[in-house]
Amino acid sequence: MTDPLDRLARVLAQLVSDAGFALLCDADDAVQHHCVRQYNQVLAQVRKLEPDLTAGFAPLDLSAGAGVVRMRGRDLLVQLSSTRSSDWLGAWLDRIFSPGDRLVCC
């Protein structure tokens with residue numbers, strides 16, 4: 001069975017990639033609000049599993065843009081990597097820096 005934090009990291013990496021894509025295509029407010037809501041949901045789930053790791057993270061306000069989601073998502077992935085092996089973060093960063101194909105905003 002897959003580790004719950006690994007599953008959340010996969011969702012978070014896809015969300016960060018989608019937020020970057022939303023920045024590239026100048027997405028409307030609905031898409032940016034969706035990214036913020038998704039980030040807040042992932043943060044809440046990570047907080048349930050690892051409350052000490054998320055001490056410096058607060059839920060984002062709905063007015064936050066996709067760029068903020070991308071930055072905070074990367075920060076959260078780096079924080080999650082502190083409990084994992086060194087190659088774990090590299091695999092997720094490879095996904096982040098390639099634009100996602102799930103989010104269609106243009």
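Modeller: In general, two packed helices are described by the angle between their axes and the distance between the axes. Here, H1 and H3 pack with axes 8 Å apart and an angle of about 155 degrees. Angles over 145 degrees count as roughly antiparallel, so H1 is roughly antiparallel to H3. Keep in mind that this is a predicted model.

Biologist: Which residues of H1 and H3 make that contact?

Modeller: On the H1 side you'll find Leu5, Ala9, Leu12, Ala13, Leu15, Val16, Ser17, Ala19, Gly20, Ala22 and Leu23. On the H3 side they are Ala66, Gly67, Val69, Arg70, Gly73, Arg74, Leu76, Leu77 and Leu80. Sort the contact of H1 with H3 by class and you get 14 nonpolar, 4 polar and 2 charged residues. The crossing of H1 and H3 is left-handed, too.

Biologist: Let me step back for a moment. How many helices and strands are there in the protein?

Modeller: There are 4 helices and 0 strands, and from the N terminus on the elements run α-α-α-α.

Biologist: What about H1 and H2: at what angle do their axes cross?

Modeller: At roughly 160 degrees, and the axes come within 10 Å. That makes H1 roughly antiparallel to H2. H1 passes H2 in a left-handed crossing. From H1, the residues that meet H2 are Pro4, Leu5, Leu8, Val11, Leu12, Leu15, Ala19 and Ala22. Their partners in H2 are Val31, Cys35, Gln38, Tyr39, Val42, Gln45, Val46 and Leu49. By class, this contact of H1 with H2 has 14 nonpolar, 2 polar and no charged residues.

Biologist: And are H2 and H3 roughly parallel or roughly antiparallel?

Modeller: Check the angle before you decide. H2 covers residues 29–49 and H3 covers residues 66–81, and they pack at about 20 degrees with their axes 9 Å apart. Angles under 35 degrees count as roughly parallel, so H2 and H3 are roughly parallel to each other. The crossing of H2 and H3 is left-handed. Gln32, Cys35, Val36, Tyr39, Leu43 and Val46 in H2 meet Ala66, Val69, Arg72, Gly73, Leu76 and Leu80 in H3. In class terms, the contact of H2 with H3 has 9 nonpolar, 2 polar and 1 charged residues.

Biologist: Now I want to zoom in on single residues. Is alanine 19 buried or exposed?

Modeller: The thing to look up is relative accessible area, where buried means under 20%. Alanine 19 has 0% relative accessibility, so alanine 19 counts as buried. This alanine lies in H1, which spans residues 4–24. Leave aside its neighbours within four places in sequence, and alanine 19 is in contact with Cys35, Ala66, Val69 and Arg70. Cys35 belongs to the H2 residues that meet H1, while Ala66, Val69 and Arg70 are on the H3 side of the contact with H1.

Biologist: Arg70 is one of those contacts. Is arginine 70 buried or exposed?

Modeller: Buried, because its relative accessible area is 16%. Arginine 70 is in H3. From C-alpha to C-alpha, arginine 70 and serine 17 are 7.4 Å apart in space, yet 53 residues apart in sequence.

Biologist: Which residues does leucine 8 contact, leaving aside its neighbours within four places in sequence?

Modeller: Those are Val42, Gln45, Val46 and Leu49. Leucine 8 is found in H1 and, at 14% relative accessibility, counts as buried.

Biologist: How do I read the protein as a whole?

Modeller: Buried residues make up 42% of the 106 residues. Among contacts with a separation of 6 or more, 69% come from residues 24 or more positions apart. Finally, the protein exposes about 5900 Å², with carbon and sulfur atoms supplying 54% of it.

Note on methods
Residues are numbered from 1 along each chain as its sequence is written. This is a predicted model: local features need pLDDT of at least 70, side-chain atom pairs count only at pLDDT 80 or more; totals for chains, interfaces and linings use all residues. Side-chain values use heavy atoms; hydrogens and water are left out. Axes are lines fitted to C-alpha atoms, for helices over the stretch in contact, and angles run from 0 to 180 degrees between N-to-C directions. Helices (H or I, at least four residues) and strands (E, at least two) are DSSP runs, numbered from the N terminus. Angles under 35 degrees count as roughly parallel, over 145 as roughly antiparallel, 65 to 115 as roughly perpendicular and the rest as oblique. A crossing is left-handed if the near helix is turned anticlockwise from the far one by less than a right angle, and right-handed if clockwise. Contact means heavy atoms within 4.5 Å. Ala, Val, Leu, Ile, Met, Phe, Trp, Tyr, Cys and Pro count as nonpolar, Asp, Glu, Lys and Arg as charged, and the others, Gly among them, as polar. Buried means under 20% relative accessible area, exposed over 50%, partly exposed in between (1.4 Å probe, protein chains only). Accessible areas come from the Shrake-Rupley method with a 1.4 Å probe; for residues, only the protein chains shown count as cover.
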